Amino acid sequence: MILPIVKYPEPVLQQPGEPVTEFDDELRKFVADMFETMYAAQGIGLAAPQVGVSKRITVIDLSNAKDPEKKMVLVNPEIIQRSGRLYEEEGCLSFPEIREKVVRAAKVRIRAQDEFGEWFEAEGEELLSRCMQHEIDHLDGTLFIFRISSLKRDLALRKIRKMQRAGEW
Ligand code: ZN
């Protein structure tokens, strides 16, 4: 089932998500819906708050459904190591048409649970590293436009308000 994606400034996007404690069929159905929603929106990452659910769940697939091996489910994830620095443009399904350069670690190591509650560790470099950091930020209620300069943020927010007025947001 494709879920509606909420856009900024929906309050749920700026709230920290609740940790997941129940690893049941309901959770697995929700994870499947998140993948379906992400693929339909042509995204490579989606966090639960973006579909209005304030929980620490995110899905990532850099292959956009082309390679099942690339599917990642991160429940209650945390970054346990970071190194290096990247400064690349990012977008977000909750900010259509807004792209901004964000400083991120070049490499991260994360710890998370899968949809069955199994803990695992994984590493991400380059795009995967950025995607992991962007999605885990969502679970903390942190949005990428709050990781750029206030000048750039004001410009982006002005663009959003203009689109809102034109009924394009
Ligand atoms: Zn995002």
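Modeller: The charged end of R111 sits over the ring of W119, 3.9 Å from its centre. Some ground rules: this is a predicted model, where local features need pLDDT of at least 70 and side-chain atom pairs count only at pLDDT 80 or more, while totals for chains, interfaces and linings use all residues. Residues are numbered from 1 along each chain as its sequence is written, and side-chain values use heavy atoms, with hydrogens and water left out.

Colleague: OK. What stands opposite R111?

Modeller: That's E78. Strand 3 (residues 72–83) and strand 6 (residues 107–113) pair in the antiparallel sense over six bridges. Strands here are DSSP runs of E with at least two residues, helices are runs of H or I with at least four, and both are numbered from the N terminus. Two strands pair if DSSP finds at least two bridges between them.

Colleague: And how many bridges between strand 6 and strand 7?

Modeller: Seven, also in the antiparallel sense, with strand 7 covering residues 119–125. V108 stands opposite G124 there.

Colleague: Switching to the metal. Which residues are the protein donors of the zinc ion?

Modeller: C92 through SG, plus H134 and H138 through NE2, lying 2.0 to 2.2 Å from the zinc. Donors are N, O and S atoms within 2.8 Å of the metal (3.2 Å for Na, K and Ca), and water is not among the atoms, so sites may look incomplete. The spacing along the chain is C-x41-H-x3-H. H134 and H138 both lie in helix 2 (residues 126–139), four residues apart, about one turn of the helix.

Colleague: Is H138 buried or exposed?

Modeller: Buried, at 1% relative accessibility. Buried means under 20% relative accessible area, exposed over 50%, and partly exposed in between, with a 1.4 Å probe and protein chains only. H134 is buried at 8%, and C92 at 10%.

Colleague: What does M132 touch?

Modeller: Leaving out residues up to four places away in sequence, M132 touches I60, M72, V108, I110, A122, E123 and G124, where contact means heavy atoms within 4.5 Å. M132 is in helix 2 and is buried, at 0% relative accessibility.

Colleague: Last one: how many aromatic pairs turn up?

Modeller: Four across the whole structure. Rings of Phe, Tyr and Trp (its six-membered ring) pair if their centres lie within 6.5 Å; planes under 30 degrees apart count as stacked, over 60 as edge-to-face and the rest as tilted. F95 and W169 have ring centres 6.4 Å apart and planes at 70 degrees, so that pair is edge-to-face. F95 lies in the loop between strand 4 (86–90) and strand 5 (100–104) and W169 in the segment after helix 3 (150–165), so the pair ties together parts that are 74 residues apart in sequence. Y8, F95, F144 and W169 form one aromatic cluster.

Terms used:
A charge sits over a ring if NZ of Lys or CZ of Arg is within 6 Å of the ring centre and within 35 degrees of the ring normal.
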